[in-house]
Amino acid sequence: MFSRILVANRGEIALRIIRACNEMGIETVAVYSEADRDAIYLNYATEKICIGPAPAAKSYLDMSKIISAAEITDVEAIHPGYGFLSENVHFAEVCESCNIIFIGPKPSASKAVSDKIQTRSVAKSCGVPLLPGSDTPLKDENEAVRIAHQIGFPVILKAARGGGGRGMRVAHNDMSLINSFLVVQSEAKSAFKESDIYMEKYIENSRHIEFQILADNYGNMIHLGERDCSLQRRHQKLVEESPSPVLAPDLREKIGAAAKKIARAINYNNAGTVEFLLDKNDNFYFIEMNGRIQVEHPVTEMVTGIDLVRKQIQIAAGEKLDIPQERVTLNGHAMECRINAEDPTDGFRPSTGKITKYYQPGGPGVRVDSHLYQGYEISPYYDSLIAKLIVYRDTRDKSIKAMKRALEEFVIEGIKTTIPLHLAIFGHSRFVEGQIDTTFVENYVIR
(Lines give C-alpha, C1' and ligand atoms only; values in the text may rest on other atoms or scores of the structure.)
Protein backbone atom coordinates (compact mmCIF):
# COMPACT_ATOMS: atom_id res chain seq x y z
CA MET A 1 0.00 0.00 0.00
CA PHE A 2 1.08 3.58 -0.65
CA SER A 3 2.55 5.58 2.20
CA ARG A 4 1.93 9.03 0.66
CA ILE A 5 -0.52 10.29 -2.01
CA LEU A 6 -0.84 13.72 -3.65
CA VAL A 7 -4.41 14.96 -4.14
CA ALA A 8 -4.50 16.87 -7.43
CA ASN A 9 -7.86 18.55 -6.89
CA ARG A 10 -9.82 20.90 -4.67
CA GLY A 11 -13.18 21.33 -2.93
CA GLU A 12 -15.34 18.50 -1.68
CA ILE A 13 -13.61 15.77 -3.70
CA ALA A 14 -10.20 16.74 -2.30
CA LEU A 15 -11.64 16.45 1.20
CA ARG A 16 -13.27 13.12 0.31
CA ILE A 17 -9.94 11.66 -0.88
CA ILE A 18 -8.02 13.02 2.13
CA ARG A 19 -10.56 11.44 4.48
CA ALA A 20 -10.22 8.05 2.78
CA CYS A 21 -6.42 8.24 2.95
CA ASN A 22 -6.46 9.24 6.62
CA GLU A 23 -8.63 6.21 7.44
CA MET A 24 -6.20 3.98 5.53
CA GLY A 25 -3.16 5.39 7.33
CA ILE A 26 -1.84 7.04 4.17
CA GLU A 27 -0.17 10.46 4.33
CA THR A 28 -1.52 13.10 1.93
CA VAL A 29 -0.16 16.12 0.12
CA ALA A 30 -2.80 18.72 -0.78
CA VAL A 31 -1.99 21.12 -3.58
CA TYR A 32 -3.88 24.40 -3.68
CA SER A 33 -4.14 27.66 -5.60
CA GLU A 34 -3.89 31.10 -4.01
CA ALA A 35 -7.70 31.32 -4.10
CA ASP A 36 -7.94 28.18 -1.95
CA ARG A 37 -5.35 29.05 0.68
CA ASP A 38 -8.10 29.18 3.35
CA ALA A 39 -9.73 25.87 2.37
CA ILE A 40 -10.46 23.89 5.52
CA TYR A 41 -9.47 20.52 4.07
CA LEU A 42 -5.86 21.68 3.84
CA ASN A 43 -5.76 21.31 7.62
CA TYR A 44 -6.45 17.58 7.33
CA ALA A 45 -3.64 16.84 4.88
CA THR A 46 -0.19 15.81 6.06
CA GLU A 47 1.41 18.49 3.92
CA LYS A 48 0.16 21.29 1.68
CA ILE A 49 1.84 23.12 -1.16
CA CYS A 50 0.73 26.13 -3.21
CA ILE A 51 0.96 25.53 -6.96
CA GLY A 52 0.02 28.93 -8.36
CA PRO A 53 -2.52 31.72 -8.75
CA ALA A 54 -6.31 31.34 -8.81
CA PRO A 55 -6.94 30.59 -12.52
CA ALA A 56 -7.09 26.81 -13.00
CA ALA A 57 -4.85 26.98 -16.07
CA LYS A 58 -2.08 28.33 -13.85
CA SER A 59 -2.60 25.93 -10.97
CA TYR A 60 -4.85 22.83 -11.01
CA LEU A 61 -4.43 22.29 -14.77
CA ASP A 62 -0.68 22.94 -14.80
CA MET A 63 0.84 19.45 -15.08
CA SER A 64 4.42 20.60 -14.56
CA LYS A 65 3.57 22.26 -11.25
CA ILE A 66 1.65 19.24 -9.98
CA ILE A 67 4.41 16.81 -10.99
CA SER A 68 7.01 19.09 -9.38
CA ALA A 69 4.95 19.16 -6.18
CA ALA A 70 4.71 15.36 -6.28
CA GLU A 71 8.46 14.94 -6.73
CA ILE A 72 9.36 17.51 -4.06
CA THR A 73 7.06 15.90 -1.50
CA ASP A 74 8.16 12.35 -2.41
CA VAL A 75 4.72 10.86 -3.08
CA GLU A 76 4.17 7.46 -4.67
CA ALA A 77 0.80 8.20 -6.30
CA ILE A 78 -1.50 10.98 -7.44
CA HIS A 79 -5.28 10.92 -7.08
CA PRO A 80 -6.85 13.33 -9.64
CA GLY A 81 -10.45 13.23 -8.33
CA TYR A 82 -12.87 14.34 -11.04
CA GLY A 83 -12.61 17.26 -13.46
CA PHE A 84 -9.31 19.09 -14.02
CA LEU A 85 -6.70 16.48 -15.07
CA SER A 86 -8.65 13.35 -14.10
CA GLU A 87 -9.29 12.27 -17.70
CA ASN A 88 -6.20 13.82 -19.28
CA VAL A 89 -4.37 10.98 -21.03
CA HIS A 90 -1.12 12.94 -21.29
CA PHE A 91 -1.12 13.60 -17.55
CA ALA A 92 -1.52 9.88 -16.85
CA GLU A 93 1.38 9.19 -19.24
CA VAL A 94 3.55 11.84 -17.55
CA CYS A 95 2.84 10.29 -14.14
CA GLU A 96 3.83 6.89 -15.49
CA SER A 97 7.06 8.23 -17.02
CA CYS A 98 7.95 9.81 -13.65
CA ASN A 99 7.32 6.52 -11.81
CA ILE A 100 4.32 8.00 -10.02
CA ILE A 101 1.15 5.87 -9.91
CA PHE A 102 -1.89 7.56 -11.44
CA ILE A 103 -4.93 6.48 -9.39
CA GLY A 104 -7.23 5.81 -12.29
CA PRO A 105 -7.19 3.80 -15.51
CA LYS A 106 -3.94 3.07 -17.32
CA PRO A 107 -3.15 5.54 -20.15
CA SER A 108 -4.19 3.02 -22.82
CA ALA A 109 -7.63 2.57 -21.23
CA SER A 110 -7.96 6.28 -20.54
CA LYS A 111 -7.20 7.02 -24.18
CA ALA A 112 -9.82 4.50 -25.34
CA VAL A 113 -12.63 6.10 -23.30
CA SER A 114 -11.60 9.73 -23.89
CA ASP A 115 -12.68 9.61 -27.55
CA LYS A 116 -16.42 8.97 -27.58
CA ILE A 117 -16.45 8.04 -31.27
CA GLN A 118 -13.84 5.35 -30.63
CA THR A 119 -15.76 4.06 -27.61
CA ARG A 120 -18.92 3.84 -29.75
CA SER A 121 -16.93 1.66 -32.12
CA VAL A 122 -15.86 -0.61 -29.25
CA ALA A 123 -19.47 -0.93 -28.05
CA LYS A 124 -20.58 -1.77 -31.58
CA SER A 125 -17.94 -4.51 -31.86
CA CYS A 126 -19.23 -5.95 -28.55
CA GLY A 127 -22.78 -6.10 -29.85
CA VAL A 128 -24.04 -3.56 -27.31
CA PRO A 129 -27.03 -1.52 -28.59
CA LEU A 130 -26.12 1.91 -29.98
CA LEU A 131 -28.16 4.89 -31.09
CA PRO A 132 -28.06 5.44 -34.87
CA GLY A 133 -25.47 8.08 -35.69
CA SER A 134 -22.12 8.87 -37.31
CA ASP A 135 -19.29 6.36 -36.96
CA THR A 136 -16.58 8.92 -37.74
CA PRO A 137 -16.14 12.65 -37.04
CA LEU A 138 -18.50 14.81 -39.08
CA LYS A 139 -16.67 16.58 -41.92
CA ASP A 140 -19.03 19.52 -42.36
CA GLU A 141 -22.61 20.75 -42.09
CA ASN A 142 -23.63 19.03 -45.34
CA GLU A 143 -22.60 15.62 -44.03
CA ALA A 144 -24.44 16.35 -40.78
CA VAL A 145 -27.64 17.17 -42.67
CA ARG A 146 -27.31 14.07 -44.86
CA ILE A 147 -26.91 11.73 -41.87
CA ALA A 148 -29.72 13.48 -39.98
CA HIS A 149 -32.07 12.80 -42.90
CA GLN A 150 -31.02 9.13 -42.83
CA ILE A 151 -31.64 8.58 -39.11
CA GLY A 152 -34.43 11.15 -38.71
CA PHE A 153 -34.80 14.23 -36.52
CA PRO A 154 -34.36 15.08 -33.72
CA VAL A 155 -30.62 14.50 -33.48
CA ILE A 156 -27.95 15.52 -31.00
CA LEU A 157 -24.47 16.77 -31.84
CA LYS A 158 -21.69 15.96 -29.36
CA ALA A 159 -18.03 16.83 -28.93
CA ALA A 160 -15.93 13.69 -29.43
CA ARG A 161 -13.90 14.50 -26.31
CA GLY A 162 -16.67 16.31 -24.44
CA GLY A 163 -17.70 15.82 -20.85
CA GLY A 164 -19.56 17.34 -17.94
CA GLY A 165 -22.60 18.05 -20.09
CA ARG A 166 -20.73 20.50 -22.32
CA GLY A 167 -20.43 20.37 -26.10
CA MET A 168 -23.96 19.08 -26.83
CA ARG A 169 -26.80 20.52 -28.91
CA VAL A 170 -30.15 19.05 -29.99
CA ALA A 171 -31.46 19.90 -33.46
CA HIS A 172 -34.99 19.36 -34.83
CA ASN A 173 -34.52 20.60 -38.41
CA ASP A 174 -31.91 21.46 -41.03
CA MET A 175 -31.49 25.09 -40.01
CA SER A 176 -31.03 24.39 -36.29
CA LEU A 177 -28.65 21.55 -37.19
CA ILE A 178 -26.42 23.80 -39.30
CA ASN A 179 -26.36 26.44 -36.56
CA SER A 180 -25.72 23.83 -33.86
CA PHE A 181 -22.90 22.27 -35.88
CA LEU A 182 -20.88 25.48 -35.83
CA VAL A 183 -21.62 26.14 -32.15
CA VAL A 184 -20.70 22.63 -30.96
CA GLN A 185 -17.56 22.58 -33.09
CA SER A 186 -16.50 25.90 -31.57
CA GLU A 187 -17.32 24.73 -28.03
CA ALA A 188 -15.37 21.51 -28.59
CA LYS A 189 -12.31 23.40 -29.76
CA SER A 190 -12.51 25.91 -26.92
CA ALA A 191 -13.27 23.55 -24.04
CA PHE A 192 -11.56 20.33 -25.11
CA LYS A 193 -8.86 21.48 -27.58
CA GLU A 194 -10.33 19.11 -30.16
CA SER A 195 -12.93 20.13 -32.78
CA ASP A 196 -14.15 16.64 -33.76
CA ILE A 197 -17.90 16.22 -33.29
CA TYR A 198 -20.34 13.41 -34.03
CA MET A 199 -24.08 12.83 -34.19
CA GLU A 200 -26.59 10.51 -32.56
CA LYS A 201 -30.32 10.06 -32.84
CA TYR A 202 -31.88 12.04 -29.98
CA ILE A 203 -34.25 9.95 -27.89
CA GLU A 204 -37.02 12.05 -26.39
CA ASN A 205 -38.43 11.18 -22.97
CA SER A 206 -35.43 8.99 -22.18
CA ARG A 207 -33.81 8.19 -18.84
CA HIS A 208 -30.08 8.49 -18.18
CA ILE A 209 -28.81 5.29 -16.53
CA GLU A 210 -25.16 4.70 -15.63
CA PHE A 211 -23.39 1.64 -14.21
CA GLN A 212 -20.47 1.81 -11.80
CA ILE A 213 -17.55 -0.47 -12.72
CA LEU A 214 -14.61 -1.64 -10.61
CA ALA A 215 -11.79 -3.57 -12.26
CA ASP A 216 -8.42 -4.60 -10.87
CA ASN A 217 -5.16 -5.25 -12.73
CA TYR A 218 -5.68 -9.02 -12.84
CA GLY A 219 -8.82 -9.30 -14.96
CA ASN A 220 -11.34 -9.22 -12.12
CA MET A 221 -14.30 -6.93 -12.77
CA ILE A 222 -17.64 -6.18 -11.13
CA HIS A 223 -20.44 -3.68 -11.57
CA LEU A 224 -22.07 -2.06 -8.56
CA GLY A 225 -25.49 -1.51 -10.05
CA GLU A 226 -26.92 1.63 -11.57
CA ARG A 227 -27.47 5.27 -10.82
CA ASP A 228 -30.44 7.05 -12.37
CA CYS A 229 -29.18 10.49 -13.43
CA SER A 230 -32.24 11.59 -15.41
CA LEU A 231 -32.81 14.83 -13.51
CA GLN A 232 -30.72 17.28 -15.50
CA ARG A 233 -30.65 20.83 -16.76
CA ARG A 234 -28.93 21.41 -20.10
CA HIS A 235 -27.30 17.98 -19.82
CA GLN A 236 -25.91 18.86 -16.37
CA LYS A 237 -26.91 16.40 -13.66
CA LEU A 238 -28.82 17.79 -10.67
CA VAL A 239 -30.14 14.75 -8.76
CA GLU A 240 -28.99 11.13 -8.83
CA GLU A 241 -30.48 8.05 -7.20
CA SER A 242 -29.78 4.36 -6.81
CA PRO A 243 -31.37 2.06 -7.65
CA SER A 244 -33.40 3.41 -10.56
CA PRO A 245 -37.15 3.26 -9.89
CA VAL A 246 -37.78 1.81 -13.37
CA LEU A 247 -35.14 -0.90 -13.71
CA ALA A 248 -36.41 -4.46 -13.16
CA PRO A 249 -33.83 -7.02 -11.93
CA ASP A 250 -33.54 -8.76 -15.31
CA LEU A 251 -32.95 -5.48 -17.13
CA ARG A 252 -30.38 -4.46 -14.50
CA GLU A 253 -28.54 -7.71 -15.09
CA LYS A 254 -28.66 -7.23 -18.87
CA ILE A 255 -27.35 -3.63 -18.84
CA GLY A 256 -24.74 -4.47 -16.19
CA ALA A 257 -23.43 -7.29 -18.37
CA ALA A 258 -23.24 -4.90 -21.35
CA ALA A 259 -21.31 -2.37 -19.25
CA LYS A 260 -18.76 -5.00 -18.21
CA LYS A 261 -18.46 -6.25 -21.80
CA ILE A 262 -17.44 -2.76 -23.00
CA ALA A 263 -15.02 -2.25 -20.10
CA ARG A 264 -13.39 -5.63 -20.75
CA ALA A 265 -12.99 -4.86 -24.46
CA ILE A 266 -11.11 -1.68 -23.49
CA ASN A 267 -9.03 -3.62 -20.92
CA TYR A 268 -10.24 -1.12 -18.33
CA ASN A 269 -8.89 -0.96 -14.80
CA ASN A 270 -9.82 0.98 -11.63
CA ALA A 271 -13.18 2.77 -11.19
CA GLY A 272 -15.22 3.79 -14.23
CA THR A 273 -18.77 4.50 -15.29
CA VAL A 274 -20.57 3.19 -18.36
CA GLU A 275 -23.53 5.35 -19.38
CA PHE A 276 -26.73 4.46 -21.24
CA LEU A 277 -30.02 5.95 -22.33
CA LEU A 278 -33.21 4.03 -21.62
CA ASP A 279 -36.27 4.70 -23.76
CA LYS A 280 -39.92 4.37 -22.71
CA ASN A 281 -40.01 0.80 -24.02
CA ASP A 282 -37.05 -0.28 -21.85
CA ASN A 283 -34.65 -0.38 -24.79
CA PHE A 284 -31.17 0.70 -23.69
CA TYR A 285 -28.38 2.31 -25.73
CA PHE A 286 -24.74 2.89 -24.86
CA ILE A 287 -23.69 6.55 -25.02
CA GLU A 288 -20.27 6.92 -23.33
CA MET A 289 -17.84 5.78 -20.66
CA ASN A 290 -16.14 7.95 -18.04
CA GLY A 291 -12.71 6.97 -16.75
CA ARG A 292 -12.78 8.57 -13.28
CA ILE A 293 -14.64 8.70 -10.01
CA GLN A 294 -18.02 10.37 -10.56
CA VAL A 295 -19.50 13.30 -8.64
CA GLU A 296 -22.45 11.06 -7.80
CA HIS A 297 -20.43 8.10 -6.47
CA PRO A 298 -21.83 8.47 -2.89
CA VAL A 299 -25.24 7.02 -3.81
CA THR A 300 -23.56 3.81 -4.93
CA GLU A 301 -21.52 3.72 -1.73
CA MET A 302 -24.69 4.08 0.34
CA VAL A 303 -26.62 1.22 -1.29
CA THR A 304 -23.68 -1.21 -1.64
CA GLY A 305 -21.64 -0.35 1.47
CA ILE A 306 -18.50 -0.21 -0.69
CA ASP A 307 -16.06 2.72 -0.31
CA LEU A 308 -15.24 3.55 -3.94
CA VAL A 309 -12.32 5.90 -3.23
CA ARG A 310 -10.71 3.29 -0.97
CA LYS A 311 -11.18 0.71 -3.74
CA GLN A 312 -9.58 3.06 -6.26
CA ILE A 313 -6.51 3.36 -4.07
CA GLN A 314 -6.32 -0.36 -3.35
CA ILE A 315 -6.56 -1.27 -7.03
CA ALA A 316 -3.91 1.30 -7.98
CA ALA A 317 -1.64 -0.17 -5.29
CA GLY A 318 -1.91 -3.58 -6.95
CA GLU A 319 -4.46 -5.26 -4.71
CA LYS A 320 -6.98 -7.71 -6.13
CA LEU A 321 -10.72 -7.08 -5.98
CA ASP A 322 -12.03 -9.07 -3.04
CA ILE A 323 -15.74 -8.83 -3.95
CA PRO A 324 -17.22 -11.24 -6.50
CA GLN A 325 -20.19 -10.07 -8.58
CA GLU A 326 -22.62 -12.36 -6.77
CA ARG A 327 -21.88 -10.62 -3.47
CA VAL A 328 -22.77 -7.16 -4.79
CA THR A 329 -26.26 -6.26 -3.61
CA LEU A 330 -28.23 -3.02 -3.69
CA ASN A 331 -29.86 -2.48 -0.32
CA GLY A 332 -32.32 0.35 0.31
CA HIS A 333 -32.45 3.58 -1.67
CA ALA A 334 -30.05 6.55 -1.88
CA MET A 335 -30.42 10.00 -3.44
CA GLU A 336 -28.01 12.88 -4.01
CA CYS A 337 -28.69 16.56 -4.63
CA ARG A 338 -25.91 18.65 -6.11
CA ILE A 339 -25.94 22.01 -4.34
CA ASN A 340 -24.50 24.71 -6.60
CA ALA A 341 -23.64 28.33 -5.93
CA GLU A 342 -26.10 29.55 -8.56
CA ASP A 343 -29.29 31.63 -8.63
CA PRO A 344 -32.14 29.53 -10.13
CA THR A 345 -34.32 32.65 -10.35
CA ASP A 346 -31.77 34.49 -12.52
CA GLY A 347 -30.91 32.00 -15.23
CA PHE A 348 -28.66 29.99 -12.88
CA ARG A 349 -26.14 32.79 -12.75
CA PRO A 350 -23.08 31.84 -10.64
CA SER A 351 -23.17 33.35 -7.15
CA THR A 352 -19.95 34.33 -5.38
CA GLY A 353 -19.15 35.90 -2.03
CA LYS A 354 -18.67 35.04 1.63
CA ILE A 355 -20.73 32.40 3.44
CA THR A 356 -22.26 34.42 6.28
CA LYS A 357 -24.18 31.52 7.83
CA TYR A 358 -23.75 27.79 7.38
CA TYR A 359 -25.61 24.89 8.95
CA GLN A 360 -25.72 21.43 7.41
CA PRO A 361 -28.45 18.85 8.08
CA GLY A 362 -27.93 15.59 9.92
CA GLY A 363 -29.82 12.64 11.30
CA PRO A 364 -29.81 8.94 10.41
CA GLY A 365 -28.80 8.22 6.82
CA VAL A 366 -27.95 11.85 5.98
CA ARG A 367 -24.51 12.63 4.53
CA VAL A 368 -23.09 15.98 3.40
CA ASP A 369 -19.94 16.06 1.26
CA SER A 370 -18.81 19.69 1.30
CA HIS A 371 -15.79 21.90 1.91
CA LEU A 372 -17.89 24.86 3.10
CA TYR A 373 -17.78 26.60 6.47
CA GLN A 374 -19.09 29.89 7.82
CA GLY A 375 -16.78 32.65 6.56
CA TYR A 376 -15.60 30.70 3.50
CA GLU A 377 -15.31 32.78 0.33
CA ILE A 378 -16.85 31.37 -2.88
CA SER A 379 -14.54 32.45 -5.72
CA PRO A 380 -15.50 32.93 -9.39
CA TYR A 381 -12.67 30.76 -10.68
CA TYR A 382 -14.04 27.23 -10.33
CA ASP A 383 -17.06 25.00 -10.81
CA SER A 384 -20.16 26.11 -8.90
CA LEU A 385 -20.63 22.79 -7.04
CA ILE A 386 -20.30 23.55 -3.31
CA ALA A 387 -21.99 20.61 -1.58
CA LYS A 388 -23.56 17.22 -2.15
CA LEU A 389 -26.49 16.25 0.06
CA ILE A 390 -27.00 12.48 0.19
CA VAL A 391 -29.74 10.57 1.99
CA TYR A 392 -30.27 6.85 2.50
CA ARG A 393 -33.44 5.01 3.53
CA ASP A 394 -34.89 1.55 2.97
CA THR A 395 -37.39 2.76 0.33
CA ARG A 396 -37.54 5.48 -2.33
CA ASP A 397 -40.56 7.10 -0.70
CA LYS A 398 -38.74 7.42 2.62
CA SER A 399 -35.64 8.76 0.84
CA ILE A 400 -37.71 11.50 -0.80
CA LYS A 401 -39.22 12.53 2.54
CA ALA A 402 -35.83 12.48 4.24
CA MET A 403 -34.31 14.58 1.45
CA LYS A 404 -37.07 17.18 1.70
CA ARG A 405 -36.50 17.43 5.43
CA ALA A 406 -32.73 17.70 4.98
CA LEU A 407 -33.04 20.36 2.27
CA GLU A 408 -35.28 22.42 4.54
CA GLU A 409 -32.66 22.19 7.32
CA PHE A 410 -29.73 23.12 5.06
CA VAL A 411 -28.74 26.76 5.65
CA ILE A 412 -26.27 28.52 3.35
CA GLU A 413 -26.48 32.30 3.53
CA GLY A 414 -24.47 35.07 1.89
CA ILE A 415 -24.85 33.59 -1.60
CA LYS A 416 -27.60 32.13 -3.77
CA THR A 417 -27.85 28.32 -4.05
CA THR A 418 -29.92 25.73 -5.87
CA ILE A 419 -31.55 24.45 -2.67
CA PRO A 420 -34.93 26.08 -3.61
CA LEU A 421 -34.79 24.28 -6.98
CA HIS A 422 -34.25 20.93 -5.28
CA LEU A 423 -37.15 21.57 -2.92
CA ALA A 424 -39.36 22.24 -5.96
CA ILE A 425 -38.19 19.00 -7.60
CA PHE A 426 -38.79 16.88 -4.50
CA GLY A 427 -42.18 18.46 -4.00
CA HIS A 428 -43.40 17.67 -7.52
CA SER A 429 -45.91 14.82 -7.80
CA ARG A 430 -44.42 13.44 -11.03
CA PHE A 431 -41.01 13.11 -9.43
CA VAL A 432 -42.48 11.43 -6.36
CA GLU A 433 -44.24 8.94 -8.65
CA GLY A 434 -41.03 8.31 -10.62
CA GLN A 435 -42.46 9.76 -13.85
CA ILE A 436 -39.33 11.58 -14.97
CA ASP A 437 -36.96 11.79 -17.91
CA THR A 438 -34.01 13.95 -18.95
CA THR A 439 -36.30 16.89 -19.81
CA PHE A 440 -38.35 16.77 -16.59
CA VAL A 441 -36.70 19.77 -14.88
CA GLU A 442 -37.07 22.07 -17.87
CA ASN A 443 -40.60 20.90 -18.68
CA TYR A 444 -42.11 20.82 -15.18
CA VAL A 445 -39.93 22.75 -12.72
CA ILE A 446 -38.30 25.72 -14.47
CA ARG A 447 -40.43 27.14 -17.29
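A polar contact is a pair of N or O atoms within 3.5 Å; within protein, one must be able to donate a hydrogen and the other to accept it, and residues adjacent in sequence count only if both atoms are side-chain atoms. This is a predicted model: local features need pLDDT of at least 70, side-chain atom pairs count only at pLDDT 80 or more, and totals for chains, interfaces and linings use all residues. Residues are numbered from 1 along each chain as its sequence is written, and side-chain values use heavy atoms, with hydrogens and water left out.

**Helix H6**

- Helices (H or I, at least four residues) and strands (E, at least two) are DSSP runs, numbered from the N terminus.
- At the start of H6, a side-chain oxygen of Asp140 comes within 3.2 Å of the backbone nitrogen of Asn142.
- H6 spans residues 141-151, and its buried residues (under 20% relative accessible area; exposed is over 50%, partly exposed in between; 1.4 Å probe, protein chains only) are Glu143, Ala144, Val145, Ile147 and Ala148.
- An α-helix has 3.6 residues a turn, so residues three or four places apart point the same way.
- The cover over the buried residues of H6 includes strand S6 (155-159), helix H7 (174-192) and strand S8 (197-201).
- Just after H6, Gly152 has a positive phi of about 90°.

**Glu187**

- Glu187 sits in helix H7.
- Glu187 is partly exposed, with a relative accessible area of 28%.
- Leaving aside neighbours within four places in sequence, Glu187 is in contact (heavy atoms within 4.5 Å) with Gly167, Met168, Arg169 and Phe192.
- Glu187 and His79 are 108 residues apart along the chain, and their C-alpha atoms are separated by 28 Å.

**Cavities**

- On a 1 Å grid over the protein atoms alone, a cavity is a set of points where a 1.4 Å probe fits but cannot get out; lining residues have an atom within 4 Å of a point.
- Grid points are joined across faces, edges and corners, and a volume is the space filled by probe spheres set on the points.
- The structure holds 2 cavities of 30 Å³ or more.
- The largest cavity has a volume of about 90 Å³.
- Its lining includes Arg10, Asp36, His371 and Tyr382.
- Strand S20 (377-378) and strand S21 (385-393) each give at least two residues to the lining of the largest cavity.
- The second largest cavity holds about 30 Å³ of space.
- Among the residues lining the second largest cavity are Pro80, Phe102, Arg292 and Gln312.

How values were computed. On a 1 Å grid over the protein atoms alone, a cavity is a set of points where a 1.4 Å probe fits but cannot get out, and a pocket is an open set with protein on both sides within 12 Å along at least five of seven lines; lining residues have an atom within 4 Å of a point.
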